[in-house]
Amino acid sequence: PFPDIWADHVREAGKDPDDYPFFALTARSMQYSWGANVGIPLINEVANNIAGHKGVIINRTRAREIGLEEGDPVEIESITGITRGNAVLREGIRPDTVLMIGQFDHWATPYAKDLNLPSLNSVTSLSLSLTDATGSSADLARVCIRKIDGERRVA
């Protein structure tokens, strides 16, 4: 089964896949044009009018089951990294999936570094076991989520 690729990768690192119950995905944003204009405040103002640009999108029902509410600061952790942002609760996303629009953690420009946006780049692994025959891999990682001021929640 295709999803087992990422569970097996967690096991390769000596961890339990059940501790990382979410699949984290990313999406490109037209507003940020591959990041070339991420340091322009006006672009962020436009992006904030688009659903999901203010944090990590989580299924509303699942989020409430693990004690998260809209806007809660959260930490998203994989076997190789951590990123932080705010919970954006929405129906229409699978309960086992979270979405972080854009890739922001690596930006150090004066404005972009202060956006406090999560990034899949910070939690994905570089691994041969995740690399396909063309030398590529999916923008995907197994993660857990916890409220920053609370206990680690993985259910």
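Predicted model: local features only at pLDDT ≥ 70, side-chain atom pairs only at ≥ 80, totals over all residues.
1. Rolling a probe the size of a water molecule over the atoms shows where empty space is left. In this model the count comes to 2 cavities of 30 Å³ or more.

2. The largest cavity. About 70 Å³ of space lies in the largest cavity. Its lining comprises Trp6, His9, Val10, Ser78, Ile79, Val123, Thr124, Ser125, Leu130, Leu140, Ala141 and Arg142. Two elements, α1 (4–12) and β6 (140–147), each give two or more residues to this lining.

3. Around it stand Gly52, His53, Gly55, Met100, Ile101, Phe104, Leu117 and Pro118. Of these lining residues, 5 are nonpolar and 3 are polar, with no charged residue in the set.

4. The largest nonpolar core. In soluble globular proteins, nonpolar side chains tend to be buried together. Here the largest nonpolar core has 18 residues, and those with the most contacts inside it are Ile58, Val98, Val143 and Ile145. At least two residues of this core come from each of β1 (22–27), β2 (56–59), β3 (73–77), β4 (82–90), β5 (97–101) and β6. The largest share, 3 residues, is supplied by β6. The strand β6 is also one of the elements that give two or more residues to the lining of the largest cavity.

5. The second core. A separate core of 7 residues is also present, with Tyr32, Ala47, Phe104 and Leu117 among its members. Phe104 and Leu117 also belong to the lining of the second largest cavity.

6. Aspartate 72. Where in the chain does aspartate 72 lie? Aspartate 72 is placed in the loop between α3 (60–65) and β3. Is aspartate 72 buried or exposed? The relative accessible area of aspartate 72 is 12%, which is under 20%, and therefore the residue counts as buried.

7. Surroundings of aspartate 72. Leaving aside residues up to four places away in sequence, aspartate 72 touches Gly67, Gly85, Asn86, Ala87 and Lys147. For one of these, glycine 85, the C-alpha atom is separated by 8.4 Å from that of aspartate 72, and the two residues are 13 residues apart along the chain.

Methods. Residues numbered from 1 in each chain as written. Heavy atoms only, no water. 1 Å grid on protein atoms, 1.4 Å probe; cavity = no way out; pocket = protein on both sides within 12 Å on 5 of 7 lines; lining within 4 Å. Points joined across faces, edges and corners; volume = space filled by probe spheres on them. Helix = DSSP H or I, 4+ residues; strand = E, 2+ residues; numbered from the N terminus. Nonpolar A, V, L, I, M, F, W, Y, C, P; charged D, E, K, R; others polar. Core = buried A, V, L, I, M, F, W, Y, C linked by side-chain atoms within 4.5 Å. Buried < 20%, exposed > 50% of the residue type's maximum accessible area, 1.4 Å probe, protein only. Contact = heavy atoms within 4.5 Å.
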